[in-house]
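Morning, everyone. I have a few minutes on one structure, so let me put it on the screen.

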Amino acid sequence: AMKVGLIASNPFDLVKAPPAKRVSDGRALTVDEARALIVAAAEYRLGAAVTLLFCQGWRISEVLGLAWEDCDLDQRTAQIRRAASYTPSTGMTLGSTKTSGAEGLHHLAPISVEHLERRKTDQHAEREIAGELWVTHRHLGRIVTPVFTTPTGELVKRQAITKVIERAARRAGLDPQGLATHTGRRTVITALYADGGVDLADVARHVGHSNTATTAGYVKALGKRPTA
């Protein structure tokens, strides 16, 4: 209307913006709490996803995008090559990672390897039961076999992992309030910097931050190095 001269000014200029809501810094677990959560989650079908979140510090999209073709469990390594995310129009799909810094070779902790091996055995049994109903996935023209799937091979949604975290927290005697998939990333960053004394740049590389300023934001909110 302003462009064609019907009104002289924008009426929205007179509207006050709603007050900004304070965004919580989020919750991080202690090392002992994270260990208890991981052990409790191992009893659940998708528990290995919780292990990768709270032990490796990966993003949930990276965890759900992991395929067996990316893993070398004998060498205790895994390659992050893709991510899985949800859109209303297409549902869960495989695509690129949030940042290029996340991609590459990652060394797996022994407990991560142990829980992935269990997931591999369980999924093999699920594929046998599903038979022809098993869903095949492709990424960049190649067939990939996601690690975390439904019993018929479909991609898993973030909410499914959140439920596992909540159930495992209660099983471990932890308050599930405020625990979500990104809590694992906060926990690992805090543990490495505040408890482990790891250099900030090394922490950033470990969790796949392309800029150390992002990692510093976590540290500022969640952890300080011990002074004693």
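Let me start with helix 4. The buried residues of this helix pack against helix 1, residues 31-41, and helix 2, residues 47-56. Keep in mind throughout that this is a predicted model.

Now the overall picture. The protein has 228 residues, and 41% of them count as buried. Its secondary structure comes to eight helices and seven strands. Take the contacts with a separation of 6 or more: 62% of them join residues 24 or more positions apart.

Back to helix 4. This helix covers residues 110-130, 21 residues in total. From first C-alpha to last, helix 4 reaches 30 Å, close to the 30 Å expected at 1.5 Å a residue.

Which residues of helix 4 are buried? The list is Ser112, Val113, His115, Leu116, Arg119, Gln123, Glu126 and Ala130. These residues cover an arc of only 160° around the axis, so they sit on the same side of helix 4. The face away from the buried side carries exposed residues: Pro110, Thr121, His124 and Glu128. Just after the helix comes Gly131, with a positive phi of about 60°.

Ser112 lies in helix 4. Its relative accessible area is 1%, so Ser112 is buried. What does the side chain of Ser112 pair with? A polar contact of 2.9 Å joins it to the side chain of Gln56. Setting aside residues up to four places away in sequence, Ser112 touches Thr51, Leu52, Cys55 and Gln56.

On to helix 1. Its buried residues are Ala34, Leu37, Ile38, Ala40 and Ala41. Seen down the axis of helix 1, these buried residues fall within an arc of 165°, so they line one face of the helix.

Thr187 counts as buried, at 2% relative accessibility.

Ala169 lies in helix 5, residues 158-171. Buried or exposed? Ala169 is buried, with a relative accessible area of 0%. Not counting residues up to four places away in sequence, Ala169 touches Leu37, Leu174, Pro176 and Leu179. Look at Ile38 as well: Ala169 and Ile38 are 131 residues apart in sequence, yet 9.0 Å apart in space, C-alpha to C-alpha.

Now a helix pair. Two packed helices are described by the angle between their axes and the distance between the axes. For helix 2 and helix 5, the axes come within 9 Å and cross at roughly 85°. The two helices are therefore roughly perpendicular to each other. Which residues meet there? From helix 2, we have Gly47, Ala49, Val50, Leu53 and Phe54.

Val164 is in helix 5. At 6% relative accessibility, Val164 counts as buried. Beyond its neighbours within four places in sequence, Val164 is in contact with Ala41, Tyr44, Leu46, Gly47 and Val50. Take Leu46 from that list. Val164 and Leu46 are 118 residues apart in sequence and 7.2 Å apart in space, C-alpha to C-alpha.

Last topic: backbone angles in the loops. Most residues other than glycine have a negative phi. Here are two with a positive value.

Arg76 has a positive phi of about 60°, although it is not a glycine. Arg76 lies in the loop between strand 1, residues 71-72, and strand 2, residues 77-80. With a relative accessible area of 43%, Arg76 is partly exposed.

Then Leu140. Its phi is near 55°, again positive in a residue other than glycine. Where is Leu140? In the loop between strand 6, residues 137-139, and strand 7, residues 142-144. At 77% relative accessibility, Leu140 counts as exposed.

To close, one view to take away: helix 4, with its buried residues packed against helix 1 and helix 2, and Pro110, Thr121, His124 and Glu128 exposed on the face turned away. Happy to take questions.

Methods
Residues numbered from 1 in each chain as written. Predicted model: local features only at pLDDT ≥ 70, side-chain atom pairs only at ≥ 80, totals over all residues. Heavy atoms only, no water. Helix = DSSP H or I, 4+ residues; strand = E, 2+ residues; numbered from the N terminus. Expected span 1.5 Å × (residues − 1). Buried < 20%, exposed > 50% of the residue type's maximum accessible area, 1.4 Å probe, protein only. Arc of directions from axis to C-beta. Contact = heavy atoms within 4.5 Å. Polar contact = N/O pair within 3.5 Å; in protein donor to acceptor, adjacent residues only side chain to side chain. Axes fitted to C-alpha atoms, helices over the stretch in contact; angles between N-to-C directions. Parallel < 35°, antiparallel > 145°, perpendicular 65-115°, else oblique.
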